[in-house]
Amino acid sequence: MPPLPWDTAQDNPTMRTGDKYLPESDAHPPKVLPAVAAHAIAAYTESGDLVVDPMAGIGTTLVEAMRLDRMAIGVEYEPRWAALAMQNVEHAVNRGAPGFATVVNGDAREIEALVGRDVRRRASLVLASLPWNLGDSCCDSSAFVQVLSSRRTLLKPDGFLVIVANAGRGLGQAGDVAAVAVDAVLDAGFALHERCHLLLAPPDDEPMGCAADTPLVVARAGGPDDHSMENTGCGCGPDLRYNASSRRSA
């Protein structure tokens, strides 16, 4: 079954953040658009659930989780963006967001030590983006696998991992990006649940350009051969072609 599209984030790129975020947020290139984060949170979690973003950036996932009455924890390595993410969280509170979120400045590979053991096995969703340079010869993909592996200890047994697989410098077509994301997910011990994709509008400065095809990979916290596929409401179908057994036999 081919990846199916998410019907979201079809508006003009300049309108994707609006006044939900502080103006300074535009200085940070978004890895996960607000509409995409909101779609994933609505599809894979319920009110009151915990959402984790190991690469929080300006706090997009955290703000969208708060607006949907979820709890959220973000980890951001760079102090500048961690501070701005916390300011966006406070901005969301001031605008009436019913949920709660916090940001921790640190290395995502040490997330359990950063957020505390009481979060262990409590998260319903981990939402992350593929590192922009994954696929470059200078980028060690094992570091990203380590980040994903550490997320498994935070997820509930039935929790979800969603990776937005943006293309990086060292990656070509959308299929190549998806393959890298799938390999990272399986190497980290997750079970592949389904594959989807986003067809995003072209940037303002390229009004006649092609829409960007961004793959998404959805995995479960179970082992790599555990495929409990059910309809989660996102409109996508399970993809059984990329399981651990078939990859080992390839």
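**Entry 1: helix α2**

Which residues are buried in α2? I began here, noting that this is a predicted model, in which local features need pLDDT of at least 70 and side-chain atom pairs count only at pLDDT 80 or more, while totals for chains, interfaces and linings use all residues. Residues are numbered from 1 along each chain as its sequence is written, and side-chain values use heavy atoms, with hydrogens and water left out.

I took helices as DSSP runs of H or I with at least four residues and strands as runs of E with at least two, numbered from the N terminus. I took buried to mean under 20% relative accessible area, exposed over 50%, and partly exposed in between, with a 1.4 Å probe and protein chains only.

In α2 I found T60, T61, L62, V63, E64, A65 and M66 to be buried. The helix is mostly covered, with seven of its eight residues buried. After α2 comes D69, and I noted its positive phi, near 65 degrees.

**Entry 2: helix α1**

I listed them as P34, V36, A37, A38, A40, I41, A43 and Y44. H39 is also found in helix α1, but at 22% relative accessibility H39 counts as partly exposed. I checked H39 against W6, which is 33 residues away along the chain, and found their C-alpha atoms separated by 8.3 Å.

**Entry 3: nonpolar cores**

I defined a nonpolar core as a set of buried Ala, Val, Leu, Ile, Met, Phe, Trp, Tyr and Cys residues joined through side-chain atoms within 4.5 Å. The largest such core has 36 residues, and those with the most contacts inside it are W6, V36, Y44, L125, L127, V162 and L216. At least two residues of this core come from each of α1, α2, α3, β4, β5 (123–129), β6 (155–164), β7 (191–200) and β8 (212–220). I found another core apart from it, of 33 residues, among them F144, L155, I163 and A219.

**Entry 4: salt bridges**

How many salt bridges does the count come to? I applied the rule of a side-chain nitrogen of Lys or Arg within 4 Å of a carboxyl oxygen of Asp or Glu, and the count comes to six.

E64 lies in helix α2 and K20 in the loop between β1 and α1, so the pair ties together parts that are 44 residues apart in sequence. E64 is buried, at 4% relative accessibility, and K20 is buried too, at 18%. K20, E64 and R67 are linked in a network of salt bridges.

D19 and R95 also meet in a salt bridge, at 3.5 Å from N to O. This pair links distant parts of the chain, 76 residues apart: D19 is in the loop between β1 (4–5) and α1 (34–44), and R95 is in the loop between α3 (79–94) and β4 (100–105). I found D19 partly exposed, at 48% relative accessible area, and R95 partly exposed, at 49%.

Finally, I recorded the salt bridge of R109 with D107, where the closest N and O atoms are 2.9 Å apart. R109 is partly exposed, at 34%, as is D107, at 24%.
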